[in-house]
Amino acid sequence: MIIIVKNHADKGQLDTLLQWLKGQGIQPNLSVGTQQTIVGCIGDVSHVDIDLIRALDVVESVQRIQEPYKNVNRKFHPADTVVDCSGVKVGGGAFQVMAGPCAVEDEEQLLTIARAVKAAGATMLRGGAFKPRTSPYSFQGLGAEGIKLLLKARQETGLPIVTEIMNVQHLPLFEDVDVIQVGARNMQNFELLKELGHSRKPILLKRGLANTLQELLMSAEYIMAGGNSNIMLCERGIRTFETSTRNTLDLNVVPLLHRLSHLPVVIDPSHATGHAWLVPPCAAAATAIGADALIIEVHNDPPHAMSDGVQSLTLAQFATTMAHVRQLRPLACHDR
Ligand code: PEP
Ligand code: MN
């Protein structure tokens, strides 16, 4: 349920309403916007007399919300959420590009890539330390050592770092990480999501291989229900009947998620396509359709990459892609 508050409502009366709602076992969430002030109500509202609320002096109108996701719902929070990633802002008109290797392999590899993506205009550095691999015999990532290397790369380049968590027990290792990525395979690891809800770190939440947008939003709701609203929703391709690409890039999600939620939307054209040559056009399309950020895999030597080399851009290809993205960004759709 949302309560739309009258413009210039009396603050004392509004506070009384908030207290009364709490007394009814409802958690009121006040969202003060430039146009409207809204009280989002979470909890069982079935016993609440809506007509009683409607009759109050401070209340303009009351609406029941049908969707199961509340905190992440744009109806609860009409303004775009801007996620601050250690000073680099995503959403609400701020656009960023995260780039780097699929996996952190060694110091030289990471620093070479970090310097190059920064020079090309990337504003965050991605790199996996813990890698979710289909085969147990594939490179599993450097683990804690990989995080140390990312921190070193951040120290040198100033780029905030984005890296994936796979296990809730690893959380202490992520203390100095700027953005915690929840990968596609963990989108519904609810215990992990609950734990991340208690943190205040920005979370890059990737859509699962075969999950609906509603399921993605419900996963974000898990994090936000714990009090952490620093969430970026990431489309990274879904599994369809098509086999010519690794996944199918669902670009519809950009305007759709912007309509349904206030959270920023990130597009990953690397995992969505699985082919380096498809990444630049898909990055361009994602920029034009209004994505708030891109996350792109880049490698200094893709044929010898320890994971996802086929979809990784070379340093030069990334620079060209960035030049194109920069040209397109001012033309991007901004429908809400
Ligand atoms: C990755 O970003 O390298 C990754 C494993 O992504 P996803 O979870 O989208 O497959
Ligand atoms: Mn990868």
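Two exercises on the ligands of this model follow, each with a worked solution.

The model is predicted, so side-chain atom pairs count only at pLDDT 80 or more. Residues are numbered from 1 along each chain as its sequence is written, and side-chain values use heavy atoms, with hydrogens and water left out.

**Exercise 1.** State which side chains have a polar atom close to an oxygen atom of ligand 1, using polar contacts (pairs of N or O atoms within 3.5 Å).

Solution. 
- Step 1. Take arginine 126: a polar side-chain atom lies 2.7 Å from an oxygen atom of ligand 1.
- Step 2. For lysine 131, the corresponding distance to an oxygen atom of the ligand is 2.8 Å.
- Step 3. In arginine 185, a side-chain N or O atom is 2.9 Å from an oxygen atom of ligand 1.
- Step 4. Alone, ligand 1 exposes 300 Å², and the protein buries 97% of that (Shrake-Rupley method, 1.4 Å probe).

**Exercise 2.** Find which residues coordinate the manganese ion (ligand 2) and where Glu297 and Asp308 lie.

Solution. 
- Step 1. List the donors (N, O and S atoms within 2.8 Å of the metal, or 3.2 Å for Na, K and Ca): Cys102 (SG), His271 (NE2), Glu297 (OE) and Asp308 (OD), at 2.1 to 2.4 Å.
- Step 2. Write their spacing in sequence: C-x168-H-x25-E-x10-D.
- Step 3. Helices (H or I, at least four residues) and strands (E, at least two) are DSSP runs.

How values were computed:
Chains lettered and ligands numbered in written order. Predicted model: local features only at pLDDT ≥ 70, side-chain atom pairs only at ≥ 80, totals over all residues. Polar contact = N/O pair within 3.5 Å; in protein donor to acceptor, adjacent residues only side chain to side chain.
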